[in-house]
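I opened the notebook for a friendly look through one model. Here is the structure, and my entries come after it.

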Amino acid sequence: MDLYVGQSRRHWCLHRDLLCYHTPFFQEKTAGNDKLKPSKIELLDEDPQAFELLVKWLYQGRLDDVSDMPMDKKWDYADACQKLYILCDRINMPQLKDIAIDQFRKGCNETGLVPGPEEIKPIYDTTPPRSPIRRLLSRIAARQIMDPDSNSDASSYKLCFESSADFAIDVVNAIRQG
């Protein structure tokens, strides 16, 4: 089956049965008798790097561990895992979603970097309230805001506060919880 991913329309040729085995999303997209089954699917709103990680997991049964990567690769990989989380949320792949958030969290921790508005906004735009990644990101933001040694203050997250009341509420609740 041909898949085209992202605005660049990166092309993948993958086994239909493998895709359908792992997620009802592809089962629904490819439903019908053999003559009516689509031979291509376009996922133009998805991130090609995240989809590449999905393909790796589909064919190898695992993702690389961010801990085994050189320091200069860790943040990019963590960011790709965050985008993989969004993809898995959309296509209903909870097992891979859990692996993605673990790698994202570990990458943030090991690099000492924290997600900024450019990473947080897409999460709040695409995931449901109370999702684990929202909880993680709001706690990170709360910690940054409250840490006197941090370069980040509340104004660092202005874009997120303006675009998502949920983010503002989650951060305030995270601050209250300590």
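**Ground rules.** I am working with a predicted model, in which local features need pLDDT of at least 70 and side-chain atom pairs count only at pLDDT 80 or more, while totals for chains, interfaces and linings use all residues. I number residues from 1 along each chain as its sequence is written, and side-chain values use heavy atoms, with hydrogens and water left out.

**The sheet.** I began with the strands. My helices (H or I, at least four residues) and strands (E, at least two) are DSSP runs, numbered from the N terminus. I call two strands paired if DSSP finds at least two bridges between them. Strand β1 (residues 2-5) pairs with strand β2 (residues 10-13) in the antiparallel sense, over 4 bridges. I looked up Asp2 and found Cys13 as its bridge partner in β2. The two strands make a hairpin with 4 residues between them, and Gly6 in that turn has a positive phi of about 80°.

I then turned to strand β3 (residues 40-43), which runs parallel to β1 and is joined to it by 4 bridges. Tyr4 has Glu42 as its bridge partner in β3. Put together, this is an open sheet of 3 strands in the order β2-β1-β3, with mixed pairing. The edge strands are β2 and β3, each pairing on one side only. Neighbouring strands here are turned by 20° against each other on average, direction ignored. Helix α3 (residues 48-60) packs on the sheet and touches β1, β2 and β3, with its direction at about 15° to that of β2. For angles, I use axes that are lines fitted to C-alpha atoms, for helices over the stretch in contact, and the angles run from 0 to 180 degrees between N-to-C directions. Contact, for me, means heavy atoms within 4.5 Å.

**Two positive phi values.** I keep in mind that most residues other than glycine have a negative phi. Arg9 has a phi near 55°, a positive value in a residue other than glycine. I found Arg9 in the loop between β1 and β2. Arg130 is not a glycine either, yet its phi is positive, at about 70°; Arg130 sits in the loop between α6 and α7. I call a residue buried under 20% relative accessible area, exposed over 50% and partly exposed in between (1.4 Å probe, protein chains only). Arg9, at 35%, is therefore partly exposed, and Arg130, at 74%, is exposed.

**Helix α7.** For residues 132-146 that comes to 21 Å, and the end C-alpha atoms are 21 Å apart, which agrees. I listed its buried residues, among them Ile133, Leu136, Leu137, Ile140 and Ile145. The buried residues of α7 pack against α4 (71-91), α5 (94-111), α6 (117-126), α8 (158-163) and α9 (165-177).

**The largest pocket.** I work on a 1 Å grid over the protein atoms alone, where a pocket is an open set of points where a 1.4 Å probe fits, with protein on both sides within 12 Å along at least five of seven lines, and lining residues have an atom within 4 Å of a point. The largest pocket holds about 250 Å³ of space, with grid points joined across faces, edges and corners and the volume being the space filled by probe spheres set on the points. Its lining has 13 residues, of which Arg130, Arg135, Ser138, Asp170 and Asn173 lie nearest the centre. The elements giving two or more residues to this lining are α7 and α9. With 6 residues, α9 gives the most.

**Single residues.** Is Lys97 buried or exposed? Lys97 is in helix α5, and its 17% relative accessibility makes it buried. Leaving aside neighbours within four places in sequence, I see Lys97 in contact with Tyr85, Cys88 and Asp89.

Ser39 lies in the loop between α2 (24-29) and β3. Not counting residues up to four places away in sequence, Ser39 touches Met1, Asp2 and Arg16. Its C-alpha atom is 26 Å from that of Lys97, 58 residues apart along the chain.

Ser164 is in the loop between α8 and α9 and, at 7% relative accessibility, counts as buried. Ser164 and Asp125 are 39 residues apart in sequence, with 7.9 Å between their C-alpha atoms.

Terms used
Expected span 1.5 Å × (residues − 1).
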